[in-house]
Amino acid sequence: MSGGFVRWMLSRTVRAVCGGSLGSWTPASRFTICSERSNIIASSWRWSPFSSAVDDTGETPAAKKKKRDPRANDTIGSVGRMIPQSEIQLISETGENMGTMHRANVIKIMNKQGLKLVLLSDRQDPPVYRLMSGKQIHEEQLKLREKQKTKAAPVQVKEITVLSCIAAHDLSTKMRQVESWLEKKNHVKITLRSGRGGPAVNLDTNLEQMVQQMKVMVGFVSKPTVIQDGKAATCILRPPSAKDLLSQKQKEKTAASQSADSSSKDTESETPPVSDTDTTEGSKQQ
């Protein structure tokens with residue numbers, strides 16, 4: 001069905017409605033009725049599948065604000081010679097502020113020095129750009145990748161419950177599970193509960209001893225604390241930080257030096273001293 005045929009049908013409908021028997025009417029009322037009918041028909045025609053009319057909100061695509069790319073600050077690269085702003089604030093290759101310049105002059109500098117243009121900040125007025133070499137851009141991209149790798153991921157907290165009357169084999173199995181979680185950079189919440197008929201005293205001390213017997217080094221988010229009116233004790237473990245590892249190395253170094261000193265002292269004490277009498281007898285024999 002063509003668009004011309006549809007328009008012909010609509011015009012026939014308008015004539016039939018406006019020219020029919022409407023009882024008592026005046027030319028003004030006829031004009032009003034025809035206008036209302038025409039508006040209804042035009043509205044239906046706007047939303048018909050044959051209509052190509054756009055939204056009548058008055059907004060154009062150019063007037064709508066562009067959404068800011070959330071990854072804009074996570075990437076760096078040359079914008080080429082397509083500078084959207086007429087004037088920009090320019091930073092030289094060495095980091096010197098060259099002030100506000102027209103984009104035509106910036107392009108001339110780029111061509112003359114063989115440099116590329118990188119957007120630093122589009123939130124300022126005028127936006128800030130910097131001239132950089134290809135090597136500098138590559139180095140900055142590597143730095144951004146390293147920062148993205150070192151961004152702290154959300155820490156997961158694993159939980160495990162141990163009864164005070166647990167068997168030694170089952171306890172070692174649970175502790176190995178805790179160690180595997182810590183190796184994956186998770187936090188672990190351990191709860192020690194008094195079993196049926198088991199002692200409900202010194203649970204925090206027993207829990208601390210269990211942690212000390214682990215084969216891996218750990219840190220505490222919260223140290224063993226008694227809860228639930230003394231019926232349980234809990235603590236939260238974390239992987240060791242760089243500070244913890246450094247402190248552990250210093251302790252091991254100090255312990256090794258003290259052990260060496262004590263062994264040397266023991267060796268000296270075991271060696272019998274040479275007396276003056278032995279020295280005198282030896283000289284006489286000669």
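The legends below describe a predicted model, in which local features need pLDDT of at least 70 and side-chain atom pairs count only at pLDDT 80 or more, while totals for chains, interfaces and linings use all residues. Residues are numbered from 1 along each chain as its sequence is written, and side-chain values use heavy atoms, with hydrogens and water left out.

**View 1. The protein chain as a whole.** The secondary structure comes to 8 helices and 8 strands; helices (H or I, at least four residues) and strands (E, at least two) are DSSP runs, numbered from the N terminus. Of the 286 residues of the protein chain, 21% count as buried. Among contacts with a separation of 6 or more, 56% are between residues 24 or more positions apart, where contact means heavy atoms within 4.5 Å. The chain exposes about 21,500 Å², of which carbon and sulfur atoms supply 52%; accessible areas come from the Shrake-Rupley method with a 1.4 Å probe, and for residues only the protein chains shown count as cover.

**View 2. The largest nonpolar core.** A nonpolar core is a set of buried Ala, Val, Leu, Ile, Met, Phe, Trp, Tyr and Cys residues joined through side-chain atoms within 4.5 Å. The largest such core holds 19 residues, and Val178, Ile190, Met214 and Leu237 touch the most other members. Two or more residues each come from β5 (157-163), α5, β6, α6 (203-212) and β8 (232-238). Helix α5 gives the most to this core, with 5 residues. Not counting residues up to four places away in sequence, Ile190 touches Ile160, Met175, Val178, Leu207, Ala233, Thr234, Cys235 and Leu237. Another core, of 11 residues, lies apart from the largest one and includes Ile83, Met101, Ile109 and Leu117.

View 3. At 1.5 Å a residue, the 16 residues of α5 should span 22 Å, and the end C-alpha atoms are 23 Å apart, which agrees; the expected span is 1.5 Å times one less than the number of residues. In α5, the residues Leu171, Met175, Val178, Glu179, Trp181 and Leu182 are buried.

View 4. Lys185 is placed in the loop between α5 (168-183) and β6 (187-193). This residue is exposed, with a relative accessible area of 60%. Leaving aside neighbours within four places in sequence, Lys185 is in contact with Val155 and Pro239. Lys185 and Gln156 are 29 residues apart in sequence, and their C-alpha atoms are 8.3 Å apart in space. Although Lys185 is not a glycine, its phi is positive, at about 70°.

**View 5. Further backbone features in loops.** Most residues other than glycine have a negative phi, and most peptide bonds are trans. Gln228 is not a glycine, yet has a positive phi of about 55°. Gln228 is placed in the loop between β7 (219-227) and β8, and counts as partly exposed at 42% relative accessibility. The peptide bond from Asp125 to Pro126 is cis, with omega near 0°. Pro126 lies in the loop between β3 (116-121) and β4 (128-132).

**View 6. The salt bridges.** Side chains of opposite charge can pair when their charged atoms come close. A salt bridge is a side-chain nitrogen of Lys or Arg within 4 Å of a carboxyl oxygen of Asp or Glu, and by this rule the count comes to 2. In one of them, the side chains of Asp244 and Arg238 meet at 2.9 Å, N to O. Glu140 also forms a salt bridge, with Lys143, and the closest N and O atoms are 3.9 Å apart. Glu140 and Lys143 are separated by about one helical turn because they are 3 residues apart in helix α4 (residues 134-149). Glu140 counts as partly exposed at 28% relative accessibility, and Lys143 counts as partly exposed at 49%.

Definitions and conventions: Buried means under 20% relative accessible area, exposed over 50%, partly exposed in between (1.4 Å probe, protein chains only).
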